[in-house]
Amino acid sequence: MKTIESKKNTAHQKKIVRLYLSDLTKLFRLKRAKKIEHLAVDQFPFDIELLTVSGLYRQSRMQYLNLGGAFNPKVSSMMRSLRAQDLFKDVIDFTPSRDEMVWFYENFESLENHYDQIRALKQFNENSLFHEQNHRIIWRILPPAPIEKEAFRRYLNFAESLVVMLDLALGDALG
């Protein structure tokens with residue numbers, strides 16, 4: 001017999017699965033402009049769709065590429081991507097997983113344990129190319145980082161706040 005706590009967990013997991021599928025449905029229905037495919041990162045989930053619907057996303061990508069930025073397809077977790085030396089590289093690692101998401105979406109009915117499948121997909125898809133490329137753009141705009149430890153910490157916090165503001169602006173623009 002299931003406990004009340006177990007039933008709550010199951011209901012919560014089912015809600016997460018429904019919301020995830022709803023999000024995928026919306027994202028897969030977005031337009032994809034052929035004329036900007038050259039800006040898209042192959043196999044990054046919904047990159048071409050976001051480039052198509054958001055001028056802010058598209059402008060950030062163009063600026064990043066104009067600075068010589070590049071993308072590296074490589075299984076990448078959030079923890080690994082937060083290494084200090086990666087934050088200042090002009091190459092952003094990402095997990096090439098678009099086909100995996102499409103496969104999950106198309107084969108959802110035949111799969112077991114949907115919640116665990118979604119958790120596995122999300123584990124390596126938490127890096128935001130938009131966020132990371134904006135970091136690289138902002139490093140170029142800001143004056144050089146100070147050397148003193150406390151001033152350097154404030155500098156990094158300020159840069160992060162600028163990038164987070166761009167994240168919020170993208171969220172507002174996308175609704």
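Visitor: Are helix 6 and helix 7 roughly parallel or roughly antiparallel to each other?
Guide: In this predicted model, local features need pLDDT of at least 70 and side-chain atom pairs count only at pLDDT 80 or more, whereas totals for chains, interfaces and linings use all residues. Helix 6 (residues 98-107) and helix 7 pack with their axes 11 Å apart at an angle of about 165°, where axes are lines fitted to C-alpha atoms, for helices over the stretch in contact, and angles run from 0 to 180 degrees between N-to-C directions. Angles under 35 degrees count as roughly parallel, over 145 as roughly antiparallel, 65 to 115 as roughly perpendicular and the rest as oblique. Helix 6 and helix 7 are therefore roughly antiparallel.

Visitor: What is the handedness of the crossing of helix 6 and helix 7?
Guide: A crossing is left-handed if the near helix is turned anticlockwise from the far one by less than a right angle, and right-handed if clockwise. For helix 6 and helix 7, the crossing is left-handed.

Visitor: Which residues of helix 7 make the contact with helix 6?
Guide: Residues are numbered from 1 along each chain as its sequence is written, and side-chain values use heavy atoms, with hydrogens and water left out. Contact means heavy atoms within 4.5 Å. With the crossing being left-handed, helix 6 supplies E100, M101 and F104, and its partners in helix 7 are H114, Q117, I118 and L121.

Visitor: How far is the C-alpha atom of D116 from that of Q13?
Guide: D116 has its place in helix 7 (residues 114-123), and its relative accessible area of 35% makes it partly exposed, since buried means under 20%, exposed over 50% and partly exposed in between, with a 1.4 Å probe and protein chains only. Along the chain, D116 and Q13 are 103 residues apart.

Visitor: Why does helix 8 count as oblique to helix 9?
Guide: Helix 8 (residues 129-141) and helix 9 (residues 149-174) have axes that come within 9 Å and cross at roughly 130°. It is this geometry that makes helix 8, relative to helix 9, oblique.

Visitor: How many nonpolar residues are there in the contact of helix 8 with helix 9?
Guide: Helix 8 passes helix 9 in a right-handed crossing, and the contact includes F130, I138 and W139 of helix 8 together with Y155, L162 and L170 of helix 9. By class, Ala, Val, Leu, Ile, Met, Phe, Trp, Tyr, Cys and Pro count as nonpolar, Asp, Glu, Lys and Arg as charged, and the others, Gly among them, as polar. The contact residues comprise two charged, three polar and, as nonpolar, eleven.

Visitor: At what angle does helix 3 pack against helix 8?
Guide: Helix 3 and helix 8 are oblique to each other, and their crossing is left-handed. Among the residues that meet are Y57 and R61 in helix 3, and L129 and Q133 in helix 8. The axes of helix 3 (residues 55-66) and helix 8 lie 9 Å apart, and the angle is about 50°.

Visitor: What is the relative accessibility of F46?
Guide: F46 lies in the loop between helix 1 and helix 2, and its phi is near 65°, a positive value in a residue other than glycine. F46 counts as buried, with a relative accessibility of 6%.

Conventions
Helix = DSSP H or I, 4+ residues; strand = E, 2+ residues; numbered from the N terminus.
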